[in-house]
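I set out to record what I looked up in this structure. The entries follow by topic.

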Amino acid sequence: MIHERADCRACGSSRLEPILDLGRTALANDFLLPGEIADYRNVLPLRLRLCRDCSLVQLADVVDPKVLYSRYAYVTSTSRTMDAHLAAQAAHVIAAAGAGAHPRVLEIASNTGVYLQKFKALGCDVLGIEPARNIAEVAAREGIPTRTEFFDSKSAARMRDDWGEPDVVLGRHVFAHIDDLRDLVAGLDALAGRRTLIGFEVPYLAEMLERTEFDTIYHEHLSYVPVRALQALLERTPFALERVEHYPIHGGSILFELRRRSAGIAPHASVAAALEREAKLKLSEPGTWRAFAHRVAEVRRTLPGLVRSLKQQGKRIVGYGASAKGNTLLNTSGMTAKDLDYIIDNTPFKQGRLAPGSWIPVKPPETLLADQPDYALLLAWNFASEIVAREVEYQRRGGRFILPLPAPRIVESPA
């Protein structure tokens with residue numbers, strides 16, 4: 001089920017420095033029914049290492065992807081924030097690709113097809129690749145052609161034979177989930193044409209460091225990516241980094257764009273700018289990450305302290321958003337159903353189940369106003385602005401939100 005990796009998956013270096021140990025946690029998307037908890041065994045080590053040569057931060061331990069993704073609880077958010085982000089990014093990608101009419105867009109790990117819907121609306125031919133059968137079935141019902149399989153060098157060749165050469169290949173928040181990045185590049189080589197634009201969106205390591213976003217660390221996220229590591233990965237391959245686009249989504253993400261070197265396109269200034277920023281942050285130095293680990297320890301101490309202090313005052317507290325990052329936050333802070341009465345979430349599959357590790361019940365969003373707890377901990381803090389603006393009635397009645405990062409605080413009610 002799990003094995004330890006001894007070399008950097010980007011550059012191959014063995015100079016890996018331990019920088020953070022979050023203990024053993026449940027898999028972040030293993031939402032279980034109450035009767036399934038007694039037999040649960042997927043409580044696994046969550047350790048972080050730094051590559052001293054290319055700055056890639058990565059998990060020391062790799063879980064078998066079949067365990068993680070054969071059935072999957074994560075679905076792409078349909079919030080207003082996410083909808084606007086996907087629409088803007090799709091328009092950018094099509095303009096950057098420079099393809100003709102009806103470009104062919106293939107997405108790796110396409111989830112429910114929400115992103116591909118944006119391209120379909122722009123007149124593109126689309127194809128999704130999604131290994132989780134339950135998620136792929138949702139996409140197919142929504143009219144997005146989807147192949148249920150993992151993307152690798154072997155499946156990529158079959159895709160090109162079956163579907164033809166894509167103008168665009170995309171992956172949103174999947175690059176960091178892949179252990180064998182060399183095989184990923186080989187798959188892209190088998191699939192992409194001379195001018196195919198390849199784009200991957202990932203959480204950006206610089207923002208993770210600056211904002212103490214340790215809750216993005218869970219077993220699915222094998223890599224925490226700087227641009228320097230991408231260059232190391234692509235060295236001596238047919239591909240070169242063309243551009244880096246920055247987005248605020250998920251606490252700070254980048255879309256990095258590749259094309260074949262033979263296309264002869266010069267790198268955009270954004271590549272050099274990102275490398276300069278990373279050098280100033282000293283991402284490759286262990287001391288940088290020792291300071292990060294100290295801040296993480298402070299959050300793990302003060303967040304449950306704040307929640308338990310409020311509980312002692314007789315306040316009722318719930319969670320808002322049964323997200324994977326929220327599960328890391330709860331599990332590594334030692335919080336359980338004794339601390340939060342329940343978590344609200346709009347994902348039907350999660351409702352009626354228990355959040356992994358903390359075993360806190362998940363309930364539908366309408367529970368918030370029906371029950372009116374005193375506080376709601378924003379586990380989905382990456383959508384905090386939208387949530388606080390939407391839940392006006394909850395706050396009018398006296399409800400308050402707790403924001404966990406970068407340091408725990410109670411959000412003032414809007415006037």
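I take contact to mean heavy atoms within 4.5 Å. I note at the outset that the model is predicted.

Entry: helix packing.
I looked up which residues of α8 and α9 meet. V227, R228 and Q231 in α8 meet V271, A274, L275 and E278 in α9. By class, I find four nonpolar, one polar and two charged residues in this contact. I then turned to the geometry, since two packed helices are described by the angle between their axes and the distance between the axes. For α8 (residues 227-234) and α9 (residues 269-281), the axes come within 8 Å and cross at roughly 120°. An angle of 65 to 115 degrees would count as roughly perpendicular and one over 145 as roughly antiparallel; α8 and α9 are therefore oblique to each other.

Entry: cavities.
I searched for cavities and found one of 30 Å³ or more. The volume of the largest cavity is about 40 Å³. I listed its lining as A176, P203, Y204, L205, M208, T216, H221, S223, Y224 and V225. Both α7 (205-210) and β11 (223-224) supply at least two residues each to this lining.

Entry: K66.
Is K66 buried or exposed? I located K66 in helix α1 (residues 65-69). Its relative accessibility is 59%, and the cut-off for exposed is over 50%, so K66 counts as exposed. I also checked K66 against M1: these residues are 65 apart along the chain, and their C-alpha atoms are separated by 8.9 Å.

Key: Residues numbered from 1 in each chain as written. Predicted model: local features only at pLDDT ≥ 70, side-chain atom pairs only at ≥ 80, totals over all residues. Heavy atoms only, no water. 1 Å grid on protein atoms, 1.4 Å probe; cavity = no way out; pocket = protein on both sides within 12 Å on 5 of 7 lines; lining within 4 Å. Points joined across faces, edges and corners; volume = space filled by probe spheres on them. Helix = DSSP H or I, 4+ residues; strand = E, 2+ residues; numbered from the N terminus. Axes fitted to C-alpha atoms, helices over the stretch in contact; angles between N-to-C directions. Parallel < 35°, antiparallel > 145°, perpendicular 65-115°, else oblique. Nonpolar A, V, L, I, M, F, W, Y, C, P; charged D, E, K, R; others polar. Buried < 20%, exposed > 50% of the residue type's maximum accessible area, 1.4 Å probe, protein only.
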